[in-house]
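This report walks through one structure, starting from a single residue and moving out to sheet, helices and chain contact. Please keep the view open while reading.

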Amino acid sequence: MSVDQATVRRIAHLARIAVRDEEVPHLQQELNAMLSFVEELSAVDVTGVEPMTSVIPMSLPLRKDEVTGHAGADVVTRNAPGADDHFFTVPKVVE
Amino acid sequence: MSDITRLTLAEARDALAAKKISSLDLTKAHIEAIEKARGLNAYIVETPDKALDMAKAADARIASGNAGPLDGLPLGIKDLYATEGVHMQACSHILDGFKPPYESTVTSQLWRDGAVMLGKLNMDEFAMGSSNETSYYGPVASPWLPAGWDADKGRAALKGDKKGLLVPGGSSGGSSSAVAAHLCLAATATDTGGSIRQPAAFTGTVGIKPTYGRCSRWGVAAFASSLDQAGPIARTVRDTAIMLRSMAGYDAKDSTSVNTPVPDYEKSVGASIKGKKIGIPKEYRIDGMPAEIEALWQKGIEWLRAAGAEIVDISLPHTKTALPAYYIVAPAEASSNLARYDGVRYGLRVPGKDISSMYENTRAEGFGREVRRRIMIGTYVLSAGYYDAYYVRAQKIRTLIKRDFELAYQDGIDAILTPATPSAAFGIGEKGSGDPVEMYLNDVFTVTVNMAGLPGLAVPGGLSASGLPLGLQLIGRPFEEETLFSVAEVIEQAAGRISLPQAWW
């Protein structure tokens, strides 16, 4: 399987990564190199094989539904590029 | 003592306990060595004040007879680990200025046991790379000089673009370079596809990726959560065993952390391997493998046989599928894990005309080329219509890879011996500029181990024709790291400790 330039743009948008027009052909070539590298997997017989969900046989533990290690809103917003009064600020999303 | 940075971790620990040296002196010696080695670019952040404070506190504990297992021993920390109040960016532009308000579980256990932090170590961006060339902070040089180079030529290259100098491997290239250059006694590292073992092999150091679930991943920036494991790089098998004991252990904050007791790994260093069954998988004899790698493997076999181990030919038929399957599973998980870097809660923000273009601009500028490429391929294989064909199929193949190992272990195999890498270290700027797959092939022997969640250890086996270190890999049964330490010690003793480079930088 290989991707065309429209698919490259669609993937970039899904991944929320801006791409410039001049980057598209090169990206297409790199993605296709990776896809052709993984192509040999289609020849492997996986009939009746369960997909792996946990590499070490264990069940996910449950814990009490309670707040743990809460450091406070000051600490949570300290690293934000935009924060105001314990809120993260973003460009306007509603009119 | 002439240069106390040349001590092994175990030697330094014993000298501290015997009060022959102080942690303050030991730490100062390392701080000086780091300052002189800035050209290697192994450390991206130095924390000398913190180190000196920690050393003084350690000396006080040692004096009062309350020393911990790592008391007073200076270490380097890979930039993937959260260190409270100290720079942590996974060597990415997108985490600009990030100082975590919390400490990773693994590093907190090192400080609990008395260790001293020297600083944060360079790495491939988000641990994606095999040469430490994808770091936002630039490449790391190996302390090993290419064949025919003298110190002057090396120093001149360090001042320039470093082209032609050797890579220290990756992603834990800062860790391996710093350990090999005596800029710390040992370092933390992480391994998703070979990122501990390949750098160790390239620099003549020892590294272990423990069983998945052995070390907590909490506070370690996630790349591919089902493959990532923390582990140490150090200069001897014993030193890695000492480090792992402190790093390992159950942590309720990591739901995949396994609740089994942590053994005193150091006790297994030097234990007899008589009667142990060592598997030699024929599928690791790949096309185009250099003769010196094959010869190294044979030497390893002879050493283990001479120590009383039984050598058994085995087959791991799905070996060849591991690398391509990895390049579906790992990018898929990465595309999901790295979705959190969006310019809102931390790090870089690049403005846009609306929120969506703010996300897109931030991620385009904040992530480097390799990371963008992997996020995109991961997004593709998880997208509607391709999920079953790529991702589910790769997870099925993973089941087959793991089953290969399980069958070998059921037949009584205690550990598996393979080469660690298909070649010795290559030059900075030499690989992967055209076809990304060329770089990925470095991990052909190590990636199977992550896919199966097993422990793997790289130990130096000798030197290549051009005088560069070559490593052997040991693969163990789940949670039987002790066997790996015993077998690796036999190799280390038989091969003789590698003589690491003298400072030319």
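B:Cys91 lies in the loop between β2 and α4 (105-112) of chain B. The model is predicted, and the values below are computed from it. Phi of B:Cys91 is near 50 degrees, which is positive although the residue is not glycine. Most residues other than glycine have a negative phi, and most peptide bonds are trans. Is B:Cys91 buried or exposed? A residue counts as buried if 20 or more other C-beta atoms lie within 10 Å of its own; B:Cys91 has 31 of them within 10 Å, so B:Cys91 is buried.

A second residue with a positive phi is B:His182, at about 60 degrees; this residue is not a glycine either. B:His182 sits in the loop between α6 and β4 (186-191) of chain B. B:His182 has 23 C-beta neighbours inside 10 Å and therefore counts as buried.

The peptide bond from B:Gly170 to B:Ser171 is cis, with omega near 10 degrees. B:Ser171 belongs to the loop between α5 (151-159) and α6 (173-180) of chain B.

B:Ser499 lies in the segment after α16 (481-495) of chain B. B:Ser499 has 8 other C-beta atoms within 10 Å, so B:Ser499 is exposed. Between B:Ser499 and B:Gly193 there are 306 residues in sequence and 27 Å in space, taken from C-alpha to C-alpha.

**The sheet**

Chain B has an open sheet of 11 strands with mixed pairing, in the order β1-β3-β2-β4-β6-β5-β10-β11-β9-β7-β8. At its edges are β1 (43-46) and β8 (310-314) of chain B, each of which pairs on one side only. From one strand to the next the twist averages 30 degrees. Strands of a sheet pair through backbone hydrogen bonds, either parallel or antiparallel.

| Strands of chain B | Sense | Bridges |
|---|---|---|
| β2 (residues 74-78) and β3 (residues 116-121) | parallel | five bridges |
| β7 (residues 277-281) and β9 | parallel | two bridges |
| β9 and β11 (residues 469-476) | antiparallel | five bridges |

Single residues can be followed across these pairings. B:Lys78 stands opposite B:Leu121 in β3(B). B:Ile278 has B:Ala415 in β9(B) as its bridge partner, and B:Ile416 stands opposite B:Ile475 in β11(B). How many residues of strand β9 (residues 415-419) of chain B are buried? Five of the five are, so β9 is largely enclosed by the rest of the structure.

**Helix packing**

Two packed helices are described by the angle between their axes and the distance between the axes. Helix α2 (residues 23-36) and helix α3 (residues 48-63) of chain B pack at an angle of about 160 degrees, and their axes are 8 Å apart. Angles over 145 degrees count as roughly antiparallel, and α2(B) and α3(B) are therefore roughly antiparallel to each other. Their crossing is right-handed. From α2(B), B:Ser23, B:Leu24, B:Thr27 and B:Ile31 take part; residues they meet in α3(B) include B:Pro48, B:Ala51 and B:Leu52. The contact of α2(B) with α3(B) is made of seven nonpolar, two polar and two charged residues.

The axes of α10(B) and α12(B) come within 7 Å and cross at roughly 100 degrees. Angles from 65 to 115 degrees count as roughly perpendicular, so α10(B) and α12(B) are roughly perpendicular to each other. Among the residues of α10(B) in this contact are B:Ile328, B:Pro331 and B:Ala332, while those of α12(B) include B:Ile375, B:Ile377 and B:Val381. By class, the contact of α10(B) with α12(B) has eight nonpolar, three polar and one charged residues.

**The contact between the chains**

How many residues does each chain bring to the contact? Chain B brings 53 residues and chain A brings 38 residues. On the side of chain B that touches chain A, α10 (319-337), α11 (355-366), α12 (369-382), α13 (387-410) and α14 (436-440) each supply at least two residues. The most comes from α13(B), with 10 residues. This side of chain B divides into 27 nonpolar, 13 polar and 13 charged residues.

How values were computed
Residues are numbered from 1 along each chain as its sequence is written. Chains are lettered from A and ligands numbered from 1 in the order in which they are written. This is a predicted model: local features need pLDDT of at least 70, side-chain atom pairs count only at pLDDT 80 or more; totals for chains, interfaces and linings use all residues. Two residues are in contact if their C-beta atoms, placed from the backbone, lie within 7 Å. Helices (H or I, at least four residues) and strands (E, at least two) are DSSP runs, numbered from the N terminus. Ala, Val, Leu, Ile, Met, Phe, Trp, Tyr, Cys and Pro count as nonpolar, Asp, Glu, Lys and Arg as charged, and the others, Gly among them, as polar. Axes are lines fitted to C-alpha atoms, for helices over the stretch in contact, and angles run from 0 to 180 degrees between N-to-C directions. Angles under 35 degrees count as roughly parallel, over 145 as roughly antiparallel, 65 to 115 as roughly perpendicular and the rest as oblique. A crossing is left-handed if the near helix is turned anticlockwise from the far one by less than a right angle, and right-handed if clockwise. A residue is buried if 20 or more other C-beta atoms lie within 10 Å of its own, exposed if 12 or fewer, and partly exposed in between; C-beta atoms are placed from the backbone. Two strands pair if DSSP finds at least two bridges between them.
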